[in-house]
Amino acid sequence: MATGDAPLAGAADATFRALLEAAPDAFVIVGADGRIGMVNAQAELLFGYTRDELIGRSVDELVPERFRGLHPGHRAQFSADPRRRPMGTGVELFGRRKDGTEFPAEISLAPVPTPAGTLVMTAIRDVTERARLEKRLVEASRLKSEFLANMSHELRSPLNAIIGFAELMHRGKAGPVSDEHREYLGDILASSRHLLLLINDVLDLAKVESGRMEFVPERVDIEELADEVRDVVRGLIVNRDLTITVDVDPAVDTVDIDASRTRQILYNFISNAIKFTPDGGAIRVRVVGDGPDRFRIEVEDTGVGIAPEDVSRLFVAFEQLDPGASKRYAGTGLGLALTKRIAEAQGGHVDVHSAPGGGSTFSVTLPRHAGAPEAPERHRVAPAVGSRTVLVIDDDRMSLHLANAALRDAGFTPICLSDPEQALAVAEREPLAAIVVDLLMPAINGFELAAQLRQIVRPELPLIAWTVKDLSRSERMRLQSGAVGVVGKDATGAGGLVEALRAATGRTAAPEAEHDARHHPGRR
């Protein structure tokens, strides 16, 4: 290895030089004056210079011109604190070849004590392929996010309309219904809601695995949440001799959690218990403390139990313990896998204890306080005096048709429009009780439309976003700052929207609706 008059020439022995030459990365050893004293063959290949051209040259010349003014200062900082470390942590670094081309680089520095003084050994790796791959991964993540958003809208919007119309017909709101038709409509409702749950599970699993699922902690009465889930799943045990009880430790009264995701976990646990518990069995939900900072939700059943060798397969996506065409238990194998990922994404974990024939206990442990953000101050809403008129803005014809039927049935007078400009004109002249706006419309961004509406109407007028969009934390905060409520287009059809409007405008349910609520507590 030719080194000329480099200060390292007398100090480097044959073994060191042989190791340096065999290294897969480019190595450049620099003296205190910033001049190159030794290089290996990989450095020649990487930078396009011969060894003789590099020896004695200032190392600054291997840096792109736009960074050369800063480089001497970086060298001085290293000399003041010479220790092994990566260079430019968190910063993109580039090298410059002899022909002037640049490449992204990963650089590590290490001091080399010698009789002639401390030298700096610089390891340089061309990361062009890695940077290209990272760029492709970022682009793939963006496309995946767009796909999820589109699928959320394209799949759930029509399903929401199917559920809403079927529910209105099932209740006889579209005319008399025979017993046979009522039975068929009930089957349509059950199948549609089941399909919507499956779609939600697939989309949620994709989001949580890509790290794009966001959580919105809020103060939650955990006993109330557990009772609500129990009421919802009662529809799954109709005509089955099963009991579901809820027992909440008074010490765990309120927690700061994402209510919808915790509700989803509990629903998955209970529905799984129902599936594997024979008639005459019992399911018990317990909520207990787990130290000062965590709490645990347990769902215990008297079902068939699980063999020890099968426990590890429970939380694997699409994995089922009874696969094949002859399987006894319906399902896709997504529920428990999604539950595990949702829990872990919030800093929690799931567990299971079971034995064949001895039932199972599934549990999730979560933080009691998940850092709930302080909600911005919101306007106090009040209905327009005497008005029952609700402006509904949505580009989806079926959603407008569903809202029109459901709101009229609830005693409101809906004005349903798909044209945002026409809707803004109506908002200016009509004495409205409330406004409902979709957030996913091709003609205008729903957030922008909500902001324009808020500028037109008085601050206390209820404005509700009715959407299938999975809102991020920043999007929710953006809506809340404009006093905009959010209602999801979900398995309730238009039921959630009607309830939100009643709460916002102070209107109570019609007598028939109150009767339904008392006699069908699982209906949401």
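Where is Glu-214 found?

1. Glu-214 is found in the loop between α6 (179-209) and β7 (218-221). Helices (H or I, at least four residues) and strands (E, at least two) are DSSP runs, numbered from the N terminus. The model is predicted: local features need pLDDT of at least 70, side-chain atom pairs count only at pLDDT 80 or more, and totals for chains, interfaces and linings use all residues. Residues are numbered from 1 along each chain as its sequence is written, and side-chain values use heavy atoms, with hydrogens and water left out.

2. Glu-214 counts as partly exposed because its relative accessibility is 37%, and that class lies between buried (under 20% relative accessible area) and exposed (over 50%), with a 1.4 Å probe and protein chains only.

3. Leaving aside residues up to four places away in sequence, Glu-214 touches Asp-258, Ser-472, Arg-473 and Ser-474; contact means heavy atoms within 4.5 Å. Ala-345 is 131 residues from Glu-214 in sequence, yet their C-alpha atoms are 9.0 Å apart.

4. Now for the sheet. Five strands, in the order β15-β14-β16-β17-β18, form an open sheet with parallel pairing; two strands pair if DSSP finds at least two bridges between them. At the edges are β15 (413-417) and β18 (484-488), each pairing on one side only.

5. Within this sheet, β14 (residues 389-393) and β16 (residues 434-437) pair in the parallel sense over four bridges. Ile-393 stands opposite Val-437 in β16. Helix α10 (residues 397-409) packs on the sheet and touches β14, β15 and β17 (463-467). The direction of α10 makes about 175° with that of β15; axes are lines fitted to C-alpha atoms, for helices over the stretch in contact, and angles run from 0 to 180 degrees between N-to-C directions.
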